[in-house]
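Could you walk me through this model, stop by stop, while I have it open in my viewer? Please tell me what to select next and what I will find there.

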Amino acid sequence: MSEPTRVLMVLDSFSFGGAENLVAELGLRAPASMRISAASLAPAVGTRTALFGRIAEAGLEPTYLGVKKLTDIAGFVRLVRTLRRASVDVVHAHLGYSAILVTLAGFLARKPVVATLHLIPQRHTSRREWLKERLSVRIPGRLGRLVLVSQYAFDEYARLHGPARDTWRMIPNGVDTERFSVACSDNDVDGPVWACVAALRPDKNHADLLRAWTEVVAKHPAARLLVVGDGPARPEIERTVAELGLGGSVELLGRREDVAAILATADGVVSASVEEALPTAIIEAAACGLPVVAADAGGTREIVIDDVTGRLVPVRDVPALAEALLSTIGNPVRAAEYGRAGRDLVEQKYSLTRWIENLNHLYAEVTRGV
């Protein structure tokens, strides 16, 4: 039996986020062919330590590399030395700062590097931020392998920072299809129960969702919307809930670790987000066999196939979002068909098992020096 591939996962930080959660999940489900460890590029400061405990519990032996910022020369020199001494076969950087610094350091330390960007290109307000993004694409593309998580993200990066090279890969993230098994709605209310799982940020566009939800409540007074997540937009969302008179219908549950259990009580999942690379929450909903109604943002359409796995509506179109919700709620048979099709799609393309298989192939490629 061949030795396992030793992989060091380097994140920008151990803050609470999708990439960080994904790495922790990998630690819990890593096959015998991989030996995974994890490190934070940033030092242990404030909220940048939020997921340290979970990553440690996953057996990833988390450490801090202590690079304070992009221009921390002393920190970068230490990073090169650390990677040179590390007993690893592959270094896998996640997110923008790591894609730049870890790829450069890995190249100097003679370690194969893979870098995953989990977001779509951003609308930058400064030349400096645009340059950082460009470097996060160009450096891994030249010195290692660049991984984008959806075809939409791949195409957008190619358009803005390309052309795409033969070192670019499109590898979707995956979810644990055992934990997010087919849901069995056991809510004890007469009306429909839907969920929105998203950070409370402006780009997630909860305001439009709440406006559309008023139309649902007008037709289904007992309807409930479970809003899972937290973030800087919470006060504004609370005000909107009050202004629209939705206090009895909308529940702000905050950040939760039991999302799978919450989805098991829901009849469907909705998203009004305006920017997505590959929305994990929607993949989880589909894995649970739930119908999804979502705005056509970024990589969302790769999961929500209109009238197949759910309903896809134009971004920021409140009437269309309301109509899609009402039509899906009003046709339980069709909604169940959406859920079954979504589950099939996740098993084929977006399972954690499929993601790990793709990573294994990529790691074999870079360690062979192909």
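Here is a tour that begins with the whole chain and then moves to single residues.

**Before you start**

This is a predicted model, in which local features need pLDDT of at least 70 and side-chain atom pairs count only at pLDDT 80 or more, while totals for chains, interfaces and linings use all residues. Residues are numbered from 1 along each chain as its sequence is written, and side-chain values use heavy atoms, with hydrogens and water left out.

**Stop 1: the whole chain**

Show the cartoon. The protein has 13 helices and 13 strands; helices (H or I, at least four residues) and strands (E, at least two) are DSSP runs, numbered from the N terminus. The C-alpha trace spans about 65 × 50 × 40 Å along its principal axes. A compact globule of 370 residues would have a radius of gyration near 21 Å, and the protein agrees with its 21 Å. That radius is taken over C-alpha atoms, and the globule rule is 2.2 Å times the number of residues to the power 0.38.

The accessible surface comes to about 16400 Å², and 52% of it belongs to carbon and sulfur atoms; the areas come from the Shrake-Rupley method with a 1.4 Å probe, and for residues only the protein chains shown count as cover. Of the 370 residues, 54% count as buried. Here buried means under 20% relative accessible area, exposed over 50%, and partly exposed in between (1.4 Å probe, protein chains only). Among contacts (heavy atoms within 4.5 Å) between residues at least 6 apart in sequence, 71% join residues at least 24 apart.

**Stop 2: helix H10**

Select residues 280–287, which form helix H10. How many of its eight residues are buried? Seven are, so the helix is mostly covered. The buried ones are Ala281, Ile282, Ile283, Glu284, Ala285, Ala286 and Ala287. Just after H10, look for glycine 289, which takes a positive phi of about 75°.

**Stop 3**

Cysteine 196 is in no disulfide, and the nearest cysteine sulfur, that of cysteine 288, is 15 Å away. A disulfide is counted when a pair of cysteine sulfur atoms lies within 2.5 Å, and a search of the whole structure finds zero of them. Cysteine 196 is buried at 3% relative accessible area, and cysteine 288 counts as buried at 2%.

**Stop 4: salt bridges**

A salt bridge here is a side-chain nitrogen of Lys or Arg within 4 Å of a carboxyl oxygen of Asp or Glu. By this rule the count comes to 22.

- Select arginine 224 and glutamate 251, whose side chains meet at 2.8 Å, N to O. The pair links distant parts of the chain, with arginine 224 in strand S9 (residues 224–228) and glutamate 251 in strand S10 (residues 250–254), 27 residues apart. Glutamate 251 is partly exposed, at 31%.
- Next, pick arginine 334 and aspartate 307, which meet at 3.5 Å, N to O. Arginine 334 lies in helix H12 and aspartate 307 in the loop between S12 and strand S13 (310–313), so the pair ties together parts 27 residues apart in sequence. Arginine 334 is partly exposed at 27%, and aspartate 307 is partly exposed at 40%.
- Then go to glutamate 357 and arginine 354, with their closest N and O atoms 3.3 Å apart. Both lie in helix H13 (residues 352–368), three residues apart, about one turn of the helix.

**Stop 5: backbone details**

Where is the cis peptide bond? Zoom in on the bond from glycine 162 to proline 163, with omega near 10°. Proline 163 sits in the loop between helix H6 (151–161) and strand S7 (168–170).

Move on to glutamate 61, which has a positive phi of about 45° although it is not a glycine. Glutamate 61 lies in the loop between helix H2 (52–57) and strand S3 (63–64) and counts as exposed at 61%.

Finish at arginine 316, which is not a glycine but has a positive phi of about 60°. Arginine 316 is found in the loop between S13 and helix H11 (318–329) and is exposed, at 55%.
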